[in-house]
Every structure is written in structure tokens, then in C-alpha cells.
Amino acid sequence: PTGNFSSDLAVATLEENKNIVLFPEGGISRNGKLKEFRRGAAVMALRTGRPIVPSVIIGAFAAWPLGAKYPRLTPLKLKIGKPIYLLKEFDDSLDDVYLQEGMTQVYKAMKEMLAAESKQ
């Protein structure tokens with residue numbers, strides 16, 4: 001499915017061993033830099049036991065900057081990181097601290113991929 005769909009549908013899709021793509025920032029960056037992540041991906045990862053695979057698209061902001069009517073022809077590069085498993089032990093409740101820690105791991109992984117790319 002494409003477009004907006006409910007978290008219940010996303011969880012059901014993950015439980016069928018299918019993958020989904022989420023943009024953890026919840027919106028488009030106005031400057032091409034990572035924004036603060038939302039916790040929805042962590043909630044789904046914890047509910048299903050599926051990993052979060054951090055990925056970045058290098059050149060996306062240059063290809064289609066905010067406010068541009070059409071994309072520009074420019075090279076894009078997709079970098080895919082190692083899966084991050086957010087496994088909850090002992091307690092079945094999801095607390096905000098644990099969710100934030102999970103998304104911080106994903107944020108750091110993506111930030112490292114972007115930093116490594118900028119050094120090349």
C-alpha cells in the first residue's frame with residue numbers, strides 16, 4: 001500500500017513478514033538536514049519484533065528542494081545500514097524513555113551514514 005495508512009495496518013503488514021517504509025521525521029526537511037525523529041517506527045518495531053533498517057537517500061534534497069515544482073536531474077544514492085532490533089525485555093508496556101532510546105539509535109546510525117558520505 002502507498003500513502004497514509006493506519007498503524008494497525010502497518011503492524012499487520014509487518015506481522016505478515018512484509019516490509020514497510022517509514023520516514024521517521026514525519027515530514028519533509030526544510031533545509032535538507034535530519035529533523036527530530038518521531039516514535040512511531042519504534043512502537044511498531046517493539047510490537048512486532050521486526051528490526052528497523054536505517055536508510056538514507058543522498059541527494060534527495062538537491063533533486064527536489066522544498067518549494068520546487070519539479071525535481072531536478074541529479075544523482076541519488078541510497079545507503080542502507082545494519083538492522084537495529086528494539087527488543088523489549090520483561091515488561092510488556094511501552095514507555096517513552098525506551099521508545100526514545102530506540103529512535104536515538106536509529107538517528108545516530110543515519111547521522112553516521114550521512115557524515116561518512118560527506119567525507120567522501
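## Close-up views of a predicted model

View 1. At 25% relative accessibility, Y107 counts as partly exposed; buried means under 20% relative accessible area, exposed means over 50%, and partly exposed falls in between (1.4 Å probe, protein chains only). This is a predicted model, so local features need pLDDT of at least 70 and side-chain atom pairs count only at pLDDT 80 or more, while totals for chains, interfaces and linings use all residues. Residues are numbered from 1 along each chain as its sequence is written, and side-chain values use heavy atoms, with hydrogens and water left out.

**View 2. The ring pair F37 and Y107.** Rings of Phe, Tyr and Trp (its six-membered ring) count as a pair if their centres lie within 6.5 Å, and the planes make the pair stacked when under 30 degrees apart, edge-to-face when over 60, and tilted for the rest. By that rule there is one aromatic pair here. F37 and Y107 form it edge-to-face, with 4.9 Å centre to centre and 75° between the planes. The two partners come from distant parts of the chain, 70 residues apart: F37 is in the loop between α1 and α2, and Y107 is in helix α4. F37 is buried, at a relative accessible area of 7%.

**View 3. The whole protein, for orientation.** Look for four helices and two strands; helices (H or I, at least four residues) and strands (E, at least two) are DSSP runs, numbered from the N terminus. Starting from the N terminus, the order is α-α-β-α-β-α. The C-alpha atoms fill a box of roughly 50 × 30 × 25 Å, taken along the principal axes. Of the 120 residues, 28% are buried. Take the contacts (heavy atoms within 4.5 Å) between residues at least 6 apart in sequence: 62% of them join residues at least 24 apart.

**View 4. Helix α2, tucked away.** Seven of the nine residues of α2 are buried, so this helix is largely enclosed by the rest of the structure. The buried ones are A41, A42, V43, M44, A45, L46 and T48. Their cover includes α1 and α4. Just after α2 comes G49, with a positive phi of about 75°.

View 5. Zoom in on L86 and, leaving aside its neighbours within four places in sequence, you find it in contact with A42, A45, L46, I52, Y98, G102 and Q105.

**View 6. The largest pocket.** On a 1 Å grid over the protein atoms alone, a pocket is an open set of points where a 1.4 Å probe fits, with protein on both sides within 12 Å along at least five of seven lines, and lining residues have an atom within 4 Å of a point. The volume is about 1,500 Å³, meaning the space filled by probe spheres set on the points, with grid points joined across faces, edges and corners. Its lining counts 46 residues, and F23, S55, V56, I57 and M110 lie nearest the centre. Elements giving two or more residues to this lining are α2 (40–48), β1 (55–58), α3 (60–63) and α4 (96–118). Helix α4 gives the largest share, nine residues. By type, the lining has 33 nonpolar, eight polar and five charged residues (Ala, Val, Leu, Ile, Met, Phe, Trp, Tyr, Cys and Pro count as nonpolar, Asp, Glu, Lys and Arg as charged, and the others, Gly among them, as polar).

View 7. N17 is found in the loop between α1 (7–15) and α2, and is exposed at a relative accessible area of 61%. Phi of N17 is near 65°, a positive value in a residue other than glycine. From N17 to R50 is 33 residues in sequence and 8.4 Å in space, C-alpha to C-alpha. D96 has its place in helix α4 and is exposed too, with a relative accessible area of 54%. The C-alpha atoms of D96 and V43 are separated by 9.8 Å, though these residues are 53 apart along the chain.
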